[in-house]
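Welcome! Please take a look at the sequence and the 3D structure shown here, and then read the briefing with them at hand.

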Amino acid sequence: MIRIEARSLSRTYGQGPLAVKALDRVSIAVQAGEVVGLLGPSGSGKSTLLTCMGLLDVAEEGEVRIDDQIVAKNGKFHGDPATLRRQRIGFVFQRANLVPFLDVLENVLLPLRLEGSVSRQDRSRVETLLARLDLGDRLRHTPEALSGGQRQRVALARALVARPSVVLADEPTAALDAKRGREAILALRETSREAGAAVVVVTHDSRILDAFDRTIELEDGKLLEPPPGHTALGST
Amino acid sequence: MRLALAELRAHLGRFLGTVAGLVLLFTVVLGMGGIYRGMVADATFLIDSAGDALWLTEEGRRGPFAEASRLPDAIVERARVTPGVTDAVGFRTLTYQFRHQGRELRVTFLSERFPEGGPLRLAPAQGRGLQRARGEIVLDQALRIPLGARLTFADEPFEVVGLLKGGVSSGGDPIALLSEADLERILQTLPAADRGVSGVTEAWSPLAAVVVHAATPQAREQLARIPGVSVWSAGEQRTLLLEGAIDKARRQIGLFRALLVLVSTVLLSLVVFAMTSAKSRELALVKLLGARHRTLIAWVVGQAITMTLAAYGLAVALGFRVFPLFPRRVVLSTQELWAGVLLALLLSLIASAAAVRRALAIPAAEALGG
Ligand SMILES: Nc1ncnc2c1ncn2[C@@H]1O[C@H](COP(=O)(O)OP(=O)(O)O)[C@@H](O)[C@H]1O
Ligand SMILES: [Mg+2]
């Protein structure tokens, strides 16, 4: 089942001779449980693609569908993008981006609180998730008291807590050492797959390529054909 | 609101500092209002104590409080026999200065009819009212002279038989009740007293006004026909008094309070704006996570309201403890205290306007940037 699909997205910044075509008719589709790496040199349009798929920006041409529903098309959102983000999309950033004055549990519950109220089941589900991420004894700690790897796992739990259809990650391992980075990406892979979410990870980090089911590469806003000799873990 | 409170708890120092500043400002605002109210209460004490009475004064004079007034003694009898009148008592006062146990004191003597009382209806808080025509006096507690004390005014000995609470003349002096005959005697011996430490500070008007209680509305018309008098209701007397000097004080105090409220608003808006700027990263994050506008507004405005209401509550509590220690009477009105809550809420909203605009303008995508 396709969770998120971009169809022929084009996004141009600026006008006239200074215009930059950040995305040029880019199409991708990601299945439930699939983890896709998005590669490409700096300035190739990776962040732009991620913000368009994450409904933080809208491409003037092409459409974005989530769970087969058109959510953006030809420069216009269909529906309220904030609501769609709240309900359908989880985000993971380069830095964990936790709220410093909320404890671990409240940081993870934040998307649920933004949506509405938090039930006892929600809370125990979160506790289980955090225990799986080796954070079971850190629920009442503030982010300050955690290591970088722990923080990134909290951010991961936050991205998954509202059971999103899609998880979008921008350089999630860039601030971690090799070991922590690997652990984080594997945790992301495992937990999102269980949740049935489609995952797109922007990365420069060649050490984690084997964690992706497949990779796609952008250059100058265009999608490249899969490189020869490309190997992936496969989906089983 | 959860975010607002969690953040305040995390920045407790800034929160408490702001609240402390606002407490001081609000306490001064409340205190100034209370002082004005106390001024009005003091000034109108005598008028209010006479109850729903009619006041006869010298014709064309807005006396006896806003302006001097002088009537012939015969007017008291003339008023008493007017149809519809149930009671008429002369209103005679004398402001007097004397020395007691090394303290220089000012008092307003007021002649009191005894034992039935009048023209005012004052019941002593301690002791009793006048019972004899000579040598008894009822003083206000503010003079700090105890019950049973013996005093001498203008060579006349007096015993303090009763104490009033909150009895002040419109000029703010404590009042003393004595018999008309004693007041007359003090007046007679004044030249002798003048040579000593005591002295008259105001021209003696034999009869400043007549306080009349009437049973019928027609009585007022009848009284107005007495030659040489003007008739005022208690309400008109109050207005006459408050229109003068007190109204000016009210406007000055009002202006000053408005200024302080403005200062509070500016202080609060600076703090709220600074707090909003300091958390733009977190604001961008919750926007990216899909926060509704009302969540963001509640976060910013909630903090402003929390700080203002906490400060206001503390200011009221502080006021109740501190104002009684003031040399002037400070009167807090319940109605005004509640109006203050509304004003505090309004102030929070105004003070957070700029911060809210900023919070809503922060782009969600900012949270993506490394
Ligand atoms: N807000 C913007 N305004 C103008 N140009 C932009 C903006 N964002 C990105 N660009 C340009 O679009 C191109 C793609 O940028 P980006 O998507 O950030 O690439 P990447 O994430 O792969 O480094 C770059 O040339 C960049 O300069
Ligand atoms: Mg980028």
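Predicted model: local features only at pLDDT ≥ 70, side-chain atom pairs only at ≥ 80, totals over all residues.

Residues are numbered from 1 along each chain as its sequence is written, chains are lettered from A and ligands numbered from 1 in the order in which they are written, and side-chain values use heavy atoms, with hydrogens and water left out.

**Cavities**

- A cavity is a set of points, on a 1 Å grid over the protein atoms alone, where a 1.4 Å probe fits but cannot get out; lining residues have an atom within 4 Å of a point.
- Grid points are joined across faces, edges and corners, and a volume is the space filled by probe spheres set on the points.
- With this rule, there are five cavities of 30 Å³ or more.
- The largest cavity has a volume of about 80 Å³.
- Its lining has 13 residues, and Arg85(A), Arg86(A), Ile89(A), Gly90(A) and Pro111(A) are the closest to the centre of this largest cavity.
- Helix H2 (81-88), strand S7 (89-92) and helix H5 (148-160) of chain A are the elements that give two or more residues to that lining; helices (H or I, at least four residues) and strands (E, at least two) are DSSP runs, numbered from the N terminus.
- H2(A) gives the largest share of the lining of the largest cavity, four residues.
- By type, the lining of the largest cavity has seven nonpolar, two polar and four charged residues. Here Ala, Val, Leu, Ile, Met, Phe, Trp, Tyr, Cys and Pro count as nonpolar, Asp, Glu, Lys and Arg as charged, and the others, Gly among them, as polar.
- The second largest cavity holds about 70 Å³ of space, and the residues lining it include Val92(A), Gln152(A) and Leu188(A).
- H6(A) gives the most to the lining of the second largest cavity, with three residues. That lining has six nonpolar, two polar and no charged residues.

**Where chains A and B meet**

- Contact (heavy atoms within 4.5 Å) links 21 residues of chain A with 22 residues of chain B.
- About 2,100 Å² is buried between chain A and chain B, and carbon and sulfur atoms give 65% of this area. Buried area is the accessible area (1.4 Å probe) that two parts lose on being put together, summed over both.
- Asn97(A), Phe101(A) and Leu114(A) supply 31% of the area that chain A buries against chain B, more than any other three residues.

**Salt bridges**

- A salt bridge is a side-chain nitrogen of Lys or Arg within 4 Å of a carboxyl oxygen of Asp or Glu, and the count over all chains is 46.
- How many salt bridges cross the interface of chain A and chain B? The rule finds one: Glu106(A) pairs with Arg2(B), with the closest N and O atoms 3.6 Å apart.
- Within chain A, Lys73(A) forms a salt bridge with Glu63(A), where the closest N and O atoms are 3.6 Å apart. Lys73(A) lies in strand S5 (residues 69-73) and Glu63(A) in strand S4 (residues 61-66) of chain A, so this pair ties together parts that are ten residues apart in sequence.

Conventions:
1 Å grid on protein atoms, 1.4 Å probe; cavity = no way out; pocket = protein on both sides within 12 Å on 5 of 7 lines; lining within 4 Å.
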